[in-house]
Amino acid sequence: MNRYFNPLEYIYDQDEEEGALSHPSGQIRKETADTGFQEIVRQVRNYLRENHSQGLASAVIDPETREWMKQEILHFLGQSGLSAAGQTRGQLLRKLQEEILYYGPIQRALDDPAVTNIDINSYQYVYLERNGEEELHPEMCFQDEAHLEVILNKMLMTDGKVLTANEPHIDSLFEKFRICAVLGAARGGIATEGTCASIRKFSEDTMTPARFVATGTISEEMNAFFSHILPCCNAIIAGATNSGKTTTMMAIPLYFQPDTRIITIEDSPEMMLRRRGSYQDYHNIVALQTKDHENKEKRFDIARLTKVSLRMRPVKVMVGEVRDSQACRQAHESMNTGHNTYFTIHASSAANAAVRIVQLAGDGYNDEVIAAQLADTVDLILFQQKMGKSRIVTEVAELIGYEGARKPVCRSIFQFFQTGLGEDGYVTGSHRRVAGISQGLAEKLSQALVAPEYIRRWQTQPSFA
């Protein structure tokens, strides 16, 4: 159990290499004069407000202004002679820059490419997910709740938002991060034990199919199967939160021809395919994102955007996540109108995903009809799990049909068989093909002009099955 700690007791070990993070088990140096640092912060901030107020405000979003303000901080330190006990001038300068121009204690986590999630459970407790492992980082705690709110609002202001009692929960896109911020109950919010936040970092790299094979997310045989099947079918990527669904979704278009017209639809632009190096030859991509509005008629949710996309001559439609009935019905409509559609959904298994889409797309009265339509349109369900530090596609199933509306009939094509958990936290095991595709899917592939030899290959039962 982690002991309770004083949030003023820790600071960065600034002697580390720039940009690296201390591991929780590493040595953390105690700060005995942190109040002195806060006084220096106050003086520097007052100086910048009095002399460069416009630059201080724009430095949050403008990198060039930020670099200029760094020089102004250095200039002020030189003139004032300010210093902090136990810190060199370079260490003090770096810490001031992080606090005033960047995002305080968590800046180094934002800069670290190995960190994928930052969870601020309170101003005292900050967890990082790095290389698939959860780490407590007490050196990243905030001075108090007000300090945490200042940093969060600095992030939110780029989207024109601020945490208040009237808006105690905000989802926002900030630079290359997605932030969910929740105001503490003591300050009029809804988080019982204080203001908190969860920050998801968007990787600049795309996990290509080759990298999926290399990391064990899929096998070589699965990669070949996807290259033949995915461009011609409708597929759902299912799994729990943080299982890697969106990462897998972002790799799917790499199985398409570069000129394929693709429409992506998301709550926040996480896929951003055209900004990624793997898609430098893909120019026929249009990205749509939701827009909230008090007036329902002016609101563009996932369902409405999917409807918009169908008027944009799509060949492939990719929906970031289907959460509600309207979005699921519209995604189903997209499939019914002949557009290959791919979306992610939260589910506990491939079969559960097939149940959930009936629950979402149905109306309680005609669910058996909806189920029959879904059986005709949904071809594959890819179920993904986080296992230890690994993210694995543990099942690829073909949706064959439904018995009634609540019992899906799925045929597992590939399954992952776990054999253990390594000392490094990664699972060991292997993927196996356990069945061939159905005649119905084979006929659909034939209509899509897939080469007969490929169809025969995937219809053939594996020898050990």
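The dialogue below asks how the labels put on this predicted model follow from their definitions.

Biologist: What are the ground rules for the numbers?

Modeller: This is a predicted model, in which local features need pLDDT of at least 70 and side-chain atom pairs count only at pLDDT 80 or more, while totals for chains, interfaces and linings use all residues. Residues are numbered from 1 along each chain as its sequence is written, and side-chain values use heavy atoms, with hydrogens and water left out.

Biologist: How confident is the predictor in the protein chain, and which helix scores lowest?

Modeller: pLDDT is the predictor's confidence in each residue, from 0 to 100. The protein chain averages 85, and 91% of the residues score at least 70. Helices (H or I, at least four residues) and strands (E, at least two) are DSSP runs, numbered from the N terminus. Over residues 1-35 pLDDT stays under 50. The chain holds 14 helices and 15 strands.

Biologist: What rules out a bond for C233?

Modeller: Its closest cysteine sulfur is in C232, at 7.3 Å, which is too far for a bond. By this rule the count comes to 0 disulfides.

Biologist: Why is C233 called buried, and what is C196 called?

Modeller: Buried means under 20% relative accessible area, exposed over 50%, and partly exposed in between (1.4 Å probe, protein chains only). C233 has 0% relative accessibility and therefore counts as buried. C196 has 21%, so C196 counts as partly exposed. Of the 465 residues of the protein chain, 52% count as buried.

Biologist: Why does H339 count as buried?

Modeller: Its relative accessibility is 15%, so H339 counts as buried. H339 sits in the loop between α10 (325-336) and β11 (340-346). Contact means heavy atoms within 4.5 Å. Not counting residues up to four places away in sequence, H339 touches N234, L310, P314, V315, V317 and S334.

Biologist: What makes a space a cavity and not a pocket?

Modeller: On a 1 Å grid over the protein atoms alone, a cavity is a set of points where a 1.4 Å probe fits but cannot get out; a pocket is an open set with protein on both sides within 12 Å along at least five of seven lines. Lining residues have an atom within 4 Å of a point. The search finds 2 cavities of 30 Å³ or more. The second largest cavity has a volume of about 80 Å³, and its lining includes P209, F212, T248 and A251. Helices α6 (209-215) and α8 (245-251) each supply at least two lining residues.

Biologist: How is the lining of the second largest cavity classed?

Modeller: Ala, Val, Leu, Ile, Met, Phe, Trp, Tyr, Cys and Pro count as nonpolar, Asp, Glu, Lys and Arg as charged, and the others, Gly among them, as polar. That lining has 10 nonpolar, 2 polar and no charged residues.

Biologist: What lines the second largest pocket?

Modeller: It is lined by 18 residues, of which R45, R49, I100, V150 and K154 lie nearest its centre. By class there are 9 nonpolar, 4 polar and 5 charged residues. Helix α1 gives the most, with 6 residues.

Key:
A disulfide is a pair of cysteine sulfur atoms within 2.5 Å. Grid points are joined across faces, edges and corners, and a volume is the space filled by probe spheres set on the points.
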